[in-house]
Amino acid sequence: MGQTQTRVSSSDSAVDVSSNFDGIDDGPEKKYDLTLTDKVIAATGPNALPRLAQIMPSLIRHLHDFAREVDLTVDEWTAGVELINECGRMSDDKRNETMLLCDILGLETLVDEVTAHMVSAASASGASTPTSILGPFYRPNAPLLPNGASIVQDLTPSVPWYDEAVASSAYITGRVMSSSNPSTPIRNAIVDVWHTAPNGLYEQQDPEQPDMNLRGRFKTDGDGRFAFYCLRPVAYPIPDDGPAGKFLALLDRHPYRPGHIHFIVSGPGHRTLTTQIFDDCDEYITKDSVFAVKDELVVRFEPREGDSQAQWSLEYDFSLEPV
Ligand SMILES: [Fe+2]
């Protein structure tokens with residue numbers, strides 16, 4: 001701290017924030033009005049939503065401690081408010097910029113971990129497939145397709161990334177199993193899948209792609225099996241034309257995510273699984289900009305022989321937790 005004389009509160013307990021005469025800064029507890037935090041917490045009424053009444057004291061303390069610890073100025077706080085406002089203005093049913101901001105801060109990965117921990121703590125088996133974040137590009141109501149169909153729509157040589165799509169064409173099959181003991185296949189489970197085109201864009205980001213391109217839902221058969229054609233995923237940068245991308249640049253961070261395929265897998269009598277699988281060949285596999293990679297979700301595509309529709313194949317089973 002410099003020698004600026006600043007009064008930070010109008011309350012009686014406000015203190016002078018100047019440095020000591022010996023040049024050693026006072027700590028936050030000596031510079032600022034700590035009773036403010038207790039007053040804000042105490043303002044919660046007796047009829048507050050119980051979960052809010054439980055968690056808000058902690059949030060308020062952490063927020064206030066943060067502001068005191070870093071000597072947050074009005075200008076800096078205003079910039080933060082505008083960042084959040086800008087995220088809200090940019091968000092709609094096709095883009096969730098606020099979630100993207102949470103993602104680059106690791107918050108979605110953290111709450112995903114917390115939720116998964118609570119589920120596994122209440123579980124008898126603990127052998128279900130690990131979760132990963134939903135991400136901001138999910139769209140509900142993807143086409144329900146027969147097993148063996150392709151989620152790649154209208155691929156012709158006129159498509160700018162046609163050659164890349166042919167070279168990365170893939171066949172994915174597997175089973176949806178219950179993590180009960182013994183493990184049993186789940187019939188009529190729904191495998192909801194989505195990924196980007198080789199240009200790194202989801203269909204809602206790219207006006208050149210058909211609606212719902214590279215998205216599909218598949219229902220498992222009596223053996224719990226599903227199968228579909230898709231593309232090997234590519235690394236892509238999260239959108240950098242909005243506040244989350246600009247914030248990454250201010251932090252001198254790269255925006256890339258390793259190639260991945262998103263899944264939501266649901267089955268009767270089982271907890272719905274939201275996860276991703278990651279291509280082990282991707283150069284960003286150890287430096288995901290949203291910190292979502294887990295070892296158990298890293299996969300290896302194998303060359304596929306004798307199939308004109310696919311150059312690569314992958315077998316991957318999902319395991320769902322009974323409820
Ligand atoms: Fe993604």
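**Terms and values**

Guide: Asp71 lies in the loop between α3 (50-69) and α4, where helices (H or I, at least four residues) and strands (E, at least two) are DSSP runs numbered from the N terminus. This is a predicted model, in which local features need pLDDT of at least 70 and side-chain atom pairs count only at pLDDT 80 or more, while totals for chains, interfaces and linings use all residues. Residues are numbered from 1 along each chain as its sequence is written.

Visitor: Why is Asp71 called partly exposed?

Guide: A residue is buried if 20 or more other C-beta atoms, placed from the backbone, lie within 10 Å of its own, exposed if 12 or fewer, and partly exposed in between. Asp71 has 15 such neighbours inside 10 Å, and therefore counts as partly exposed.

Visitor: What makes Asp252 count as exposed?

Guide: Asp252, in the loop between α8 (243-250) and β8 (256-257), has 6 C-beta neighbours inside 10 Å and so counts as exposed. Asp252 also has a positive phi of about 55°, although it is not a glycine.

Visitor: How do you know that α4 is oblique to α5?

Guide: The axes, lines fitted to C-alpha atoms over the stretch in contact, have angles from 0 to 180 degrees between N-to-C directions. Those of α4 (residues 74-90) and α5 (residues 97-104) come within 7 Å and cross at roughly 130°. Angles under 35 degrees count as roughly parallel, over 145 as roughly antiparallel, 65 to 115 as roughly perpendicular and the rest as oblique. Therefore α4 is oblique to α5.
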